[in-house]
Amino acid sequence: MTSTTLPRSSTARGAAYVDVGEGETLVLLHGVGLRLEAWTPQIDSLAESHRVIALDLPGHGASAPIERGSRLAAFIDWFTATLDELGLDSVNVAGHSMGALIAGGCAATAPERVRRVALLSAVHRRDPTAAAAVKSRAAEIAAGKVDPTAPLARWFDDSCATSESYRSVKDWLTAVDPEAYATAYGAFAEGDDLYADRWPTVACPALLLTGELDPNSTPQMSRDLAAAAPHAEACIIAGHRHMVNMTAPEAVTAALRHWLTREV
């Protein structure tokens, strides 16, 4: 992939997005500290058959920030309000990491807005040790004690350290607004079980995809999510970590393309 900045449009409320292709609509949501360019391989490929809209999360990329300290429910409200601004009633939505929490939460709370849902590198019911660790990181970030590049060691293996994907993610993490990062990370840290009890009610076709070596969004989390919903499938990409959509773009795009063919 390239690290070229994609030209954006903006809604009246300040949500920045790219909108390419024609056909059934697919909306893409990235993770904390990133920007919509993280989806570049999928945008380029899936726009051949679908209308693809990729959003910058609040305070990321070129999007206006959300209220400081907002939690996951507010991000879901932001997402549905953005769909309203774009004139979209029901869409396919794929989210990565924090984007997966927003996508999954929307499918659980506003199922009429979601035709199909794909959760990439999703967290789900962290164990007590993992929950304590992520909440501790969130508190440090909120206090301004943040190394924005710290996630790189969890998100990539050593062989990726000289890759363009690694360099791009490092640049995005370094450039993100610290307050917006703290707000999004706080919502991410507490969002892994907020809608977990409602996930079994999600009846649309669902894809749960993660990297085999992701230490935080583990394969077991994706398998548990897939087992809990009536029309869900798990896909584990061997040999990859958290940024699987960038490090294994062909495999991820193929999985998304199959998911998009599933009957609603």
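Which residues of helix 7 are buried? The legends below, for close-up views of a predicted model, begin with this helix.

**View 1. Helix 7 and the helices around its buried residues.** Helix 7 covers residues 178–190. Of its 13 residues, 10 are buried, so that the helix is mostly covered. The buried residues are Ala 180, Tyr 181, Ala 182, Thr 183, Ala 184, Tyr 185, Gly 186, Ala 187, Phe 188 and Ala 189. Their packing partners are helix 2, helix 3, helix 4 (128–142), helix 5 (152–155) and helix 6 (164–175). From first to last C-alpha, helix 7 reaches 18 Å, close to the 18 Å expected at 1.5 Å a residue.

**View 2. The antiparallel pairing of strand 2 with strand 1 and with strand 4.** Strand 1 and strand 2 (residues 16–20) are joined by two bridges, and Ser 9 stands opposite Tyr 17 of strand 2. These two strands form a hairpin with five residues between them. In the turn, Gly 14 has a positive phi of about 95°. Four bridges link strand 2 to strand 4. Tyr 17 has Leu 55 as its bridge partner in strand 4.

**View 3. Strand 5, helix 3 and strand 6 in a right-handed β-α-β crossover.** Strand 5 and strand 6 are parallel and share six bridges; in this pairing, Gly 95 stands opposite Leu 119 of strand 6. Between the two strands the chain passes through helix 3 (residues 98–109). Strand 6 is mostly covered, with six of its seven residues buried. In the loop between strand 5 and helix 3 lies Ser 97, a residue other than glycine with a positive phi, near 60°. Ser 97 has 5% relative accessibility and therefore counts as buried, the cut-off being under 20%.

View 4. Gly 95 is buried, with a relative accessible area of 0%. Leaving aside neighbours within four places in sequence, its contacts are Leu 29, Trp 39, Ala 100, Ala 103, Ala 118, Leu 119 and Leu 120. The C-alpha atoms of Gly 95 and Leu 207 are separated by 10 Å, although these residues are 112 residues apart along the chain.

**View 5. The parallel pairing of strand 7 with strand 6 and with strand 8.** Leu 120 stands opposite Leu 209 of strand 7. Strand 7 (residues 206–211) is in turn joined to strand 8 by six bridges. On this side, Ala 206 has Ala 232 as its bridge partner in strand 8.

View 6. The buried residues of helix 10 are Pro 249, Val 252, Thr 253, Ala 255, Leu 256, Trp 259 and Leu 260. They cover an arc of only 160° around the axis, and therefore lie on the same side of helix 10. Glu 250 and Thr 261 are exposed, on the face of helix 10 turned away from its buried side.

**View 7. Arg 125 in the loop between strand 6 and helix 4.** Arg 125 is not a glycine, yet its phi is positive, about 45°. At 44% relative accessibility Arg 125 counts as partly exposed, because that class lies between the cut-offs of under 20% for buried and over 50% for exposed.

Notes: Residues are numbered from 1 along each chain as its sequence is written. This is a predicted model: local features need pLDDT of at least 70, side-chain atom pairs count only at pLDDT 80 or more; totals for chains, interfaces and linings use all residues. Side-chain values use heavy atoms; hydrogens and water are left out. Two strands pair if DSSP finds at least two bridges between them. Buried means under 20% relative accessible area, exposed over 50%, partly exposed in between (1.4 Å probe, protein chains only). The arc is that of the directions from the helix axis to the C-beta atoms. A crossover is right-handed if, with the strands pointing away from the viewer, the path from the first strand over the helix to the second runs clockwise. The expected span of a helix is 1.5 Å times one less than its number of residues. Contact means heavy atoms within 4.5 Å.
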